[in-house]
Structures are given as structure tokens and as C-alpha cells.
Amino acid sequence: MDSITLKYEVGPAEDPDEAFYPGALTDIKAKVFYSGKEIGTIGGIEVDRQRIGENSFHVAFDEHSGDMEWIGSVLLENKYGRTKLQSLRDGGDDNEFNFFYIDTFCMDKAVTSDMATFALRKFLHGERIKGTLSNGCWINSSVAYALEPVDSDGTQGKRKREDEDSNVYREIIPFLRNGFFQDTAIIGDDPENARILVGAVRDFEKNMMSESEAKAKASRLQKGGGGGKKMKGSDIEILNLVRNLVNENDEIMHMHAMRGVSSAMAGLTQYRPPAPPEDPTSEEQLRNMRQEIVRLQISGGSVARSGAIHAACEKNSLKVVELILQLDATSATAKDHLGRTPLIVAGINAAGRLSINGIDDTAVIDALLNAGAQKADVDSSNMTAYGHFKRKSSLYLQMTHYEHRHKITDLEHKLYPSGGPSLGDFSEGRGGRSGLVDYGPEDDEADREMGRGTYAYREGDY
């Protein structure tokens with residue numbers, strides 16, 4: 001849309017004399033004009049990642065503002081300012097280039113969705129964000145924007161559906177049409193992160209999304225934890241009730257598992273791994289919990305929505321899992337804010353309980369499968385319970401005696417989806433549109449090559 005023009009205002013985002021890293025943060029604002037008339041403003045903070053010292057990114061962001069601290073800590077790792085999101089890395093983000101946070105997107109009420117969309121596109125593809133590098137690279141290789149918070153009663157969402165010219169509608173649609181997206185990998189840490197939309201070079205270079213497609217995509221955006229299902233007060237009470245009990249009994253089981261370790265460490269006895277501890281949950285505890293949960297269900301609470309079964313699976317509490325399934329059978333397939341089913345959580349927990357004797361206790365997994373849990377269900381990283389167990393169990397394989405390693409294979413077979421592993425299982429959760437990047441192997445190799453730390457080359461390595 002040639003009728004839209006931008007007039008830039010550029011300056012330091014901080015006082016150069018007080019800035020932690022002078023010149024690293026630049027404030028860029030663009031007044032938007034349509035046929036010569038000012039219709040809005042787009043702007044934000046450009047971060048020159050090459051100007052910020054090692055292990056100082058979060059401090060530098062914190063020095064600027066609370067919003068920058070939030071965005072920086074969620075999206076960038078602290079060491080070199082690299083993206084935490086696999087989706088952005090796949091999209092071309094690289095810490096050799098800048099990062100941009102749009103903190104202002106304000107259009108006059110009369111501005112249509114199309115006008116706002118084209119104004120944002122001109123801003124992204126203009127001289128300050130894309131730039132004019134001779135090699136075709138973008139000056140800023142990734143961009144983020146935080147949507148305005150939705151009212152606790154959901155009134156903004158209602159207004160958006162009723163009035164397509166509302167501020168909310170004109171805020172979300174232009175970003176989605178220009179390639180921005182919501183990555184569920186960051187929502188698990190804090191439901192507030194669902195407000196963050198991100199995009200990288202390859203996302204912005206695609207053809208603009210149609211308005212109808214963007215509207216459909218907007219309706220699927222997560223608004224917070226619980227897979228978009230907001231918990232009520234009674235749900236939280238159910239979750240806390242279950243969590244307190246299973247945590248208490250987990251401590252008892254942990255103490256049982258540690259028996260004999262102290263004397264063995266002192267050399268007084270030979271350590272022998274104890275048999276799997278029995279679930280210490282008493283009949284009285286179960287009876288009291290049942291009464292409380294039923295009372296909360298009557299007052300509108302939902303066992304499935306509360307995520308209580310995930311808490312019980314995380315602590316391998318068989319009796320509590322069985323009680324929850326009796327009270328609400330749909331809990332067997334309920335998903336949490338990471339898209340994980342109880343079976344996925346149980347698979348991850350099982351791998352964490354591997355020892356020299358392998359693993360003998362799979363009763364929670366058996367109970368879930370008998371209740372209708374689906375082996376093929378995937379989480380936000382596109383991984384199944386099988387994929388998670390296989391990936392995590394490989395870390396513990398060497399500590400398991402070879403005579404007991406067949407137990408690991410047996411459990412893999414039990415979790416194996418009938419249609420085979422997902423693509424996320426093959427990639428171990430990496431390379432998809434959602435997932436977090438593990439820079440550990442890269443940093444380990446870099447330290448080794450530079451002669452630093454634990455991984456430095458030593459004499460005799462060659």
C-alpha cells in the first residue's frame with residue numbers, strides 16, 4: 001500500500017552515561033501516515049546483541065525496564081543472547097544480528113485492519129528492521145510483541161468477536177498476517193507468556209496471510225494455562241488438595257529409598273538398592289480426599305481441568321491416580337499447559353526413577369492405559385509418552401545393571417504408539433515449530449575448543 005509512509009525517530013534507549021552497555025539498546029519510533037495524514041505509531045527497542053557482554057543479557061534488559069526484563073528472560077538465554085525458541089532458530093534468528101521488541105503499536109480508531117497490517121509490514125521491511133545489508137540478511141533477525149492483557153472476565157475477547165473494528169482485533173490480526181505466531185513452548189513457565197507473539201526472518205519473508213486465515217488462527221491462540229481452559233477457584237483447591245498429599249507421601253517414599261545409603265557411604269555396609277516402596281497413602285487419607293473433591297465438584301470444580309492427576313502422576317502416587325480416575329474418567333486424557341497428558345507425565349517420571357535395578361513399578365502407567373489413555377497423544381513439542389521416556393531413560397541407561405536393562409525395553413514397548421513414534425519423538429522435541437533449544441552440547445564443545453572449564457582439551461586427548 002504505497003499511500004502508507006513512515007517517519008522515523010531514532011535515539012538511545014538509555015542515558016549513554018548510565019547505560020550498562022552504551023549503544024546496545026536503541027529506541028526506534030515510526031509515525032505512520034496515510035496519504036499524508038498521521039494515523040498511528042509503531043516503535044520499540046532494538047537490541048544490538050554484539051554490544052552486550054557474555055552472561056549479561058538479562059541484566060542489560062533489566063536495566064531498561066520491567067517489560068524488557070520479561071521479554072528478554074523469556075525469549076533469550078543469558079550467555080550470548082541466543083533465542084530460546086527452536087521455532088525462531090529455525091526461522092533464521094542468530095545472535096550475530098539484532099533483536100527487536102515492539103513496545104508500541106497504536107493506530108487511530110478509524111484505521112482498518114488492512115491499513116494496520118500494511119503499516120506493520122512496511123515497518124518490518126523498512127530501513128530500520130530489515131535494513132539494507134548487501135548480503136540480503138536482516139539487521140534484526142527476530143522480533144517480538146506482547147499483546148495487551150485480556151481482562152480477567154474475558155470481556156476483551158467478547159468485544160473482539162462482536163466488533164471487528166475494535167482495538168483488540170486490529171492489534172492481533174496485523175501481527176498474525178505478517179508472520180508472527182504464538183509459541184506454546186514458553187507458556188508452561190508462566191501463562192502470561194501466552195501474550196507474546198514472535199517471528200523471525202523467514203516468517204516475515206513469506207507471503208502475507210489472508211485476513212480470514214488470520215482470524216481463524218487468532219481464535220486458536222491460547223489465553224493462558226491449562227491448554228486455554230481457565231481454572232476456577234474450586235479447580236485450584238482440588239489441585240492443591242492432591243498436590244499436598246502426594247508431596248507429603250513422596251517424602252516418605254524418598255526416605256524409604258535412602259535407607260542404607262548413609263551406612264554404605266561410610267563404608268559400614270554394602271549398599272543394596274531397596275525394593276520399590278509401597279504407596280504410603282492410607283485409606284483414611286483417600287476417604288477424606290474423596291469427600292473433599294466431591295464437595296468441590298458440586299460447587300463447580302473440575303478434576304480434569306484442575307490438573308490434579310498430573311500432580312499425582314508426577315509423584316507416582318498410584319492410589320491417588322486411581323481415585324481421580326474413579327471421580328472423573330476424562331482425566332485420563334486431560335492435557336496441561338504444556339499439552340502433556342497424564343501418560344506423558346508418568347513416562348517422564350518413570351525414567352527419572354530408573355536405578356541399578358531398572359524399573360519395576362509401572363502400576364501408574366498401567367492404570368492410565370486401562371482407563372483409556374492414548375499412547376499416540378503428543379504434547380506441545382510433538383512428543384509422545386514413549387518419546388519422552390526413551391529420551392530421558394537413555395541418560396540413566398549406564399547406571400542400570402545389564403541384567404535389568406530389559407525392563408527399560410519392556411516399558412518402551414508398553415508405551416509404543418500403534419502408529420509408531422511421532423516426528424517429535426525422532427527429533428527428541430527439536431526442530432519443530434514449538435520447543436526450547438538446548439545449547440549445552442554446543443557450549444560444551446566451544447569450551448573444549450577454547451580450553452575452558454570442564455570440557456577443555458587435556459594432554460593425551462589427541
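How many disulfides does the structure hold? Please then turn to the aromatic cluster: which residues do its ring pairs link?

Reply: The structure holds 0 disulfides, a disulfide being a pair of cysteine sulfur atoms within 2.5 Å. The model is predicted, so local features need pLDDT of at least 70 and side-chain atom pairs count only at pLDDT 80 or more, while totals for chains, interfaces and linings use all residues. Residues are numbered from 1 along each chain as its sequence is written, and side-chain values use heavy atoms, with hydrogens and water left out.

Among the cysteines, Cys137 is partly exposed, at 28% relative accessible area, whereas Cys313 is buried, at 0%. Here buried means under 20% relative accessible area, exposed over 50%, and partly exposed in between, with a 1.4 Å probe and protein chains only.

As to the rings, a search of the whole structure finds 9 aromatic pairs. Rings of Phe, Tyr and Trp (its six-membered ring) pair if their centres lie within 6.5 Å; planes under 30 degrees apart count as stacked, over 60 as edge-to-face and the rest as tilted. Phe175 and Phe180 form an edge-to-face pair, 5.0 Å centre to centre with 75° between the planes, and both residues are buried. Phe180 also pairs with Phe204 in a tilted arrangement, at 5.0 Å and 45°. This second pair links distant parts of the chain, 24 residues apart: Phe180 lies in the loop between helix 6 (167-177) and strand 6 (196-200), and Phe204 in helix 7 (residues 201-204). Helices (H or I, at least four residues) and strands (E, at least two) are DSSP runs, numbered from the N terminus. Phe204, like Phe180, is buried. The cluster linked by ring pairs comprises Phe105, Trp138, Tyr145, Phe175, Phe180 and Phe204.
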